[in-house]
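Hi,

Here is the structure I promised to pass on. Have a look at it first, and then read my notes below.

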Amino acid sequence: MEQSPQINIPYQQSDYFHRGIAKAIDLLLCSALGKVLFPVGVFAALLYILISDGLKGGGSIGKQIIGLTCVDIKTGTPCTFRQSFLRNAPFGIIFILYLIPMLGLVLAVLAALVVILFEGYFVVSDKQGLRVGDHIAGTIVVEKSFNVRK
């Protein structure tokens with residue numbers, strides 16, 4: 001994997017723990033959507049996973065609650081829906097695997113372990129804390145106190 005681009009804007013890198021809590025909130029929200037509004041909620045949850053970081057201000061509901069935002073690494077502008085889709089595609093794939101009858105849960109758990117280990121390695125080894133999805137989408141998660149450019 002190539003070296004991450006240097007961010008040209010002042011920012012406060014987000015804490016790994018806070019990022020994990022924000023993602024957990026989002027996944028709980030998706031689980032509730034899927035169960036309460038079944039079967040339409042399942043597709044709504046998948047759509048939310050994919051576009052959530054492109055919501056107003058560059059952050060999913062979990063990120064907004066925790067005080068984080070996802071921005072373009074070069075410009076500091078909020079994450080777009082396209083960037084959100086790119087950075088969250090691995091989580092969407094896990095969700096789709098879960099929908100497969102009988103084997104879905106096993107496949108989803110195995111895929112989640114691979115994604116979490118792989119993404120976690122990149123987050124802690126990259127000096128800017130970027131995960132693979134951030135490298136692909138050109139984004140970075142920062143503290144909400146960062147002055148997001150419009």
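Strand E1 (residues 68-72) is mostly covered, with five of its five residues buried. Buried here means under 20% relative accessible area, exposed means over 50%, and partly exposed is in between (1.4 Å probe, protein chains only). Helices (H or I, at least four residues) and strands (E, at least two) are DSSP runs, numbered from the N terminus.

Before going further, a word on the source: this is a predicted model, where local features need pLDDT of at least 70, side-chain atom pairs count only at pLDDT 80 or more, and totals for chains, interfaces and linings use all residues. Residues are numbered from 1 along each chain as its sequence is written, and side-chain values use heavy atoms, with hydrogens and water left out.

Back to the strands. E1 pairs with strand E2 (residues 139-143) in the antiparallel sense, over five bridges; two strands count as paired if DSSP finds at least two bridges between them. The C-alpha atom of Asp72 is 8.3 Å from that of Gln83, a residue 11 places away along the chain.

Now the inside. The largest nonpolar core has 14 residues, and Cys30, Ile49, Ile94 and Phe95 are those with the most contacts inside it. Helix H2 (40-51), helix H4 (81-98) and H5 are the elements that give two or more residues to this core, and H2 brings the largest share, six residues. A nonpolar core is a set of buried Ala, Val, Leu, Ile, Met, Phe, Trp, Tyr and Cys residues joined through side-chain atoms within 4.5 Å. In soluble globular proteins, nonpolar side chains tend to be buried together. Leaving aside neighbours within four places in sequence, Cys30 is in contact with Ala45, Tyr48 and Ile49 (contact means heavy atoms within 4.5 Å).

Tyr98, Leu99, Leu105, Val106, Val109, Leu110 and Leu113 form a surface patch with about 650 Å² of accessible area together. Helix H5 (residues 104-125) gives the largest share of that patch, five residues. Patches are made of residues with over 30% relative accessible area and no salt bridge, with like charges joined within 9 Å and nonpolar side chains (Val, Leu, Ile, Met, Phe, Trp, Tyr) within 5 Å. The areas come from the Shrake-Rupley method with a 1.4 Å probe, and for residues only the protein chains shown count as cover.

How many salt bridges does a search of the whole structure find? Five, taking a salt bridge as a side-chain nitrogen of Lys or Arg within 4 Å of a carboxyl oxygen of Asp or Glu.

- Arg19 lies in helix H1 (residues 16-36) and Asp134 in helix H6 (residues 132-137), so the pair ties together parts that are 115 residues apart in sequence. Both residues are buried.
- Asp53 is in the loop between H2 and helix H3 (61-66), while Lys63 is in helix H3, 10 residues apart. Asp53 and Lys63 are buried.
- Glu119 counts as buried at 7% relative accessibility, and Arg131 is buried at 7%.

Salt bridges that share partners join Arg19, Asp53, Lys63, Arg87 and Asp134 into one network. As for Glu119, not counting residues up to four places away in sequence, it touches Pro90, Arg131, Val132 and Gly133.

Last, some backbone notes. Most residues other than glycine have a negative phi, and most peptide bonds are trans. A cis peptide bond joins Phe38 and Pro39, with omega about 0 degrees, and Pro39 is in the loop between H1 and H2. Met102, in the loop between H4 and H5, has a positive phi near 65 degrees. At 83% relative accessibility, Met102 counts as exposed.

Cheers
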